[in-house]
Amino acid sequence: MLLLLTATVLYAMWFMPEDTVDDGSRRSSVEQPAVPPATTDPAPEESRGSDDGGGREQPDETAPQTSGPATSPDGFRTHEDPAGFRIAVPEGWDRSGPNGRGQVRFGSGDFEMVVVKGRDATKEFGADPMAYQSDDEPELEPFRTSDWSSASGLRRIDVGDTAMAEGTYTWQDASGRDVYVRNRAMILDGRYHLVLVIGPDDERDAVDRWFEGVVDTYRVLR
């Protein structure tokens with residue numbers, strides 16, 4: 001009888017399943033794949049432009065400076081003018097002025113660039129470059145008085161403390177020629193500074209190329 005009881009106990013110990021509670025210290029016999037550590041690389045930044053307040057997104061731009069270097073693109077030369085400004089000028093263009101309206105002009109053939117350094121003050125014309133461009137800028141008077149004219153791409157750009165306005169204009173000049181004009185008016189130290197590029201209406205791509213090559217290089221030297 002004792003032998004039978006002993007055999008029964010041994011059988012139960014060896015072959016019957018245990019009723020256990022896993023406390024986490026026992027590992028499964030199946031090896032789990034290692035989980036790689038979480039990465040902390042930041043998500044890629046989105047490229048964002050600035051909004052001009054009218055729902056139009058503007059490209060990021062560099063504010064015109066009152067001093068400092070400006071790099072001239074290929075096909076342009078850096079010009080330091082006796083009137084007290086620096087700007088890129090297309091190679092081969094000649095300078096004239098300043099005239100009685102404070103305009104310094106650069107030109108070649110049918111193309112011309114007009115630069116005006118701080119002639120008009122915000123105390124007289126207000127600090128809204130869009131309104132100045134639309135109503136007061138003397139360089140755009142032919143647009144306002146021409147029998148045939150149009151305007152597009154009008155926008156205000158605020159970069160830091162610098163307020164600017166840009167526009168694209170067409171009109172018929174005194175000789176009857178249809179011209180295409182890119183214009184920027186910017187406020188620096190309470191005065192309006194202007195850069196315009198003018199050319200034939202059927203040469204718009206060339207006018208755009210000249211304007212975009214020079215306009216962001218304008219610097220005030222004194």
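How many aromatic pairs does the structure hold? The structure holds six of them, where rings of Phe, Tyr and Trp (its six-membered ring) pair if their centres lie within 6.5 Å. The legends below describe a predicted model, in which local features need pLDDT of at least 70 and side-chain atom pairs count only at pLDDT 80 or more, whereas totals for chains, interfaces and linings use all residues. Residues are numbered from 1 along each chain as its sequence is written, and side-chain values use heavy atoms, with hydrogens and water left out.

**View 1. The aromatic pair of W93 and W210.** The rings of W93 and W210 are edge-to-face, at 5.5 Å centre to centre and with 70° between the planes; planes under 30 degrees apart count as stacked, over 60 as edge-to-face and the rest as tilted. W93 lies in the loop between strand 4 (85-90) and strand 5 (94-96), and W210 in helix 5 (residues 204-214), so the pair ties together parts that are 117 residues apart in sequence. Helices (H or I, at least four residues) and strands (E, at least two) are DSSP runs, numbered from the N terminus. W93 is buried, with a relative accessible area of 5%, and W210 is buried as well, with 18%. Here buried means under 20% relative accessible area, exposed over 50% and partly exposed in between (1.4 Å probe, protein chains only). Ring pairs link F76, W93 and W210 into a cluster. R209 lies over the face of W210, at 5.0 Å from the ring centre; a charge sits over a ring if NZ of Lys or CZ of Arg is within 6 Å of the ring centre and within 35 degrees of the ring normal.

**View 2. Helix 5 and the strands that it packs against.** The buried residues of helix 5 are A206, V207, D208, W210, F211, G213 and V214. These residues pack against strand 3 (76-81), strand 4, strand 7, strand 9 (162-172), strand 10 and strand 11.

**View 3. The largest nonpolar core.** A nonpolar core is a set of buried Ala, Val, Leu, Ile, Met, Phe, Trp, Tyr and Cys residues joined through side-chain atoms within 4.5 Å. The largest one has 27 residues, and I87, F106, M113, V214 and Y218 touch the most other members. At least two residues of this core come from each of strand 4, strand 6 (103-108), strand 7, strand 8 (149-159), strand 10, strand 11 and helix 5. Helix 5 supplies the largest share of this core, five residues. Another core, of 16 residues, lies apart from it, and V116, V179, A185 and I187 are among its members.

**View 4. M113 and its surroundings.** M113 lies in strand 7 and is buried, with a relative accessible area of 0%. Leaving out residues up to four places away in sequence, M113 touches I87, A88, V89, W93, V104, R105, F106, L196, V197 and V214, where contact means heavy atoms within 4.5 Å. M113 and W93 are 20 residues apart in sequence and 9.1 Å apart in space, C-alpha to C-alpha.

**View 5. Strand 11 between its partners, strand 7 and strand 10.** Two strands pair if DSSP finds at least two bridges between them. Strand 7 (residues 111-121) runs antiparallel to strand 11 and is joined to it by seven bridges, with D120 opposite Y192. Strand 10 (residues 178-188) also pairs with strand 11 in the antiparallel sense, over 10 bridges, and R184 stands opposite V195. Strand 10 and strand 11 form a hairpin with two residues between them, and D189 in the turn has a positive phi of about 55°. Nine of the 10 residues of strand 11 are buried, so this strand is largely enclosed by the rest of the structure.

**View 6. H193 and its polar contacts.** H193 is placed in strand 11 (residues 191-200) and counts as buried, at 5% relative accessibility. The side chains of H193 and Y218 are joined by a polar contact of 2.7 Å, and the side chain of H193 also reaches the backbone nitrogen of G118 at 3.4 Å. A polar contact is a pair of N or O atoms within 3.5 Å; within protein, one must be able to donate a hydrogen and the other to accept it, and residues adjacent in sequence count only if both atoms are side-chain atoms. Not counting residues up to four places away in sequence, H193 touches V116, K117, G118, R184, A185, M186, L188, Y218 and V220.
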